[in-house]
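Student: Please take a close look at a single part of this model. I would like the nonpolar core and the helix packing around it.

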Amino acid sequence: MVKDFSQYSPVDAVDDDETLLGDAERFDAEPRAKSLILRPRLWLSHGTLIFTSMLFFTLWMRTPSAHLRDEIAVYSPAHVAVEPTITRFNGTLDFPSIYRGPPSPELDLNWNRISRNVGPTRMTREEMLKAGETDLRSKVRYPDSIGGGYMVSLEVGHQLHCVNLLRKASWVDYYGPIDISFQDSPKILRLHLDHCLEMIRQNIMCNADVTMITWDWVQGHKIPYPNFNTRHQCRNFEKIMDWHVEHAIHIEKSEVTRFEDTVDIPKLNLNDIDV
């Protein structure tokens, strides 16, 4: 059924006084005087409603959409440095990245900047408990002279160290004689490399990137070819690095000592390898 709206008058055709007072025009001037008081209040009410609506709309527009929010369940003091950003990967096979190519001092400098630990940072007891670390007896603590707290470091630094080690292993003729990691026994080196591969595997599966890779017909190729130049939701790495540098604890190794109430955790199973 289609409604006929012809019987309704346009809003701007309705007299304000008539709307507010109804049959008040049948009485003396007192009700009309009341209308002069009600009308400013009405406009004030409408203005407030419009302003509030615009304010909430603006805040909603500035809020990142759900797919950009980086919800992190495990607490870290570095959460304040996490800034979601959209980045397009460059998956071209011969992409001239500053992190690839034959070994050189410049290449090592680029890798050292992102993978070398700038120093541990700290977490308070309350932060450790918030992160789910309930048994703190074996944790390394800083002396009270430098503010106390527990020694911690960022996982991303360890992950990049592992990628860098695998990169060096692919150029073992160059790095073998000069890098301390390759001075260990073959058994220890194999253990180190396998550890890094396993950590990278766990990290990739943990984060499980679901970005779609498209396939294209490419000139010179008779079969479809994957396009790895895709957009990804990332975290601003430089901002996290800046946070790490700012909060790094610079302490001499001699100052890292055991407290009297420290309890050792059970020795890890390293297949009886004396590391």
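**The core and its helices**

Tutor: Start with Phe182. Leaving out residues up to four places away in sequence, Phe182 touches Leu165, Lys168, Ala169, Val172, Tyr175, Gly176 and Leu189. Contact here means heavy atoms within 4.5 Å. This is a predicted model: local features need pLDDT of at least 70, side-chain atom pairs count only at pLDDT 80 or more, and totals for chains, interfaces and linings use all residues. Residues are numbered from 1 along each chain as its sequence is written, and side-chain values use heavy atoms, with hydrogens and water left out.

Phe182 belongs to the largest nonpolar core, which has 7 residues. A nonpolar core is a set of buried Ala, Val, Leu, Ile, Met, Phe, Trp, Tyr and Cys residues joined through side-chain atoms within 4.5 Å. Buried means under 20% relative accessible area, exposed over 50%, partly exposed in between (1.4 Å probe, protein chains only). Two helices, α5 (155-169) and α7 (186-207), each supply at least two residues of this core. The largest share, 3 residues, comes from α7. Helices are DSSP runs (H or I, at least four residues) and strands likewise (E, at least two), numbered from the N terminus.

Now the packing. The axes of α5 and α7 come within 9 Å and cross at roughly 125°. Axes are lines fitted to C-alpha atoms, for helices over the stretch in contact, and angles run from 0 to 180 degrees between N-to-C directions. The pair is therefore oblique. Under 35 degrees counts as roughly parallel, over 145 as roughly antiparallel, 65 to 115 as roughly perpendicular, and the rest as oblique. On the α5 side, the contact includes His158, Cys162, Leu165 and Ala169. On the α7 side, it includes His192, Leu193, Cys196 and Ile200. By class, this contact has 10 nonpolar, 6 polar and 1 charged residues. Ala, Val, Leu, Ile, Met, Phe, Trp, Tyr, Cys and Pro count as nonpolar, Asp, Glu, Lys and Arg as charged, and the others, Gly among them, as polar.

Helix α5 also packs with α3 (residues 105-115), at an angle of about 155° and with axes 8 Å apart. That makes α3 roughly antiparallel to α5. Trp111 and Ile114 are among the α3 residues in this contact; Leu160 and Val163 are among those of α5. The contact residues divide into 5 nonpolar, 5 polar and 2 charged.
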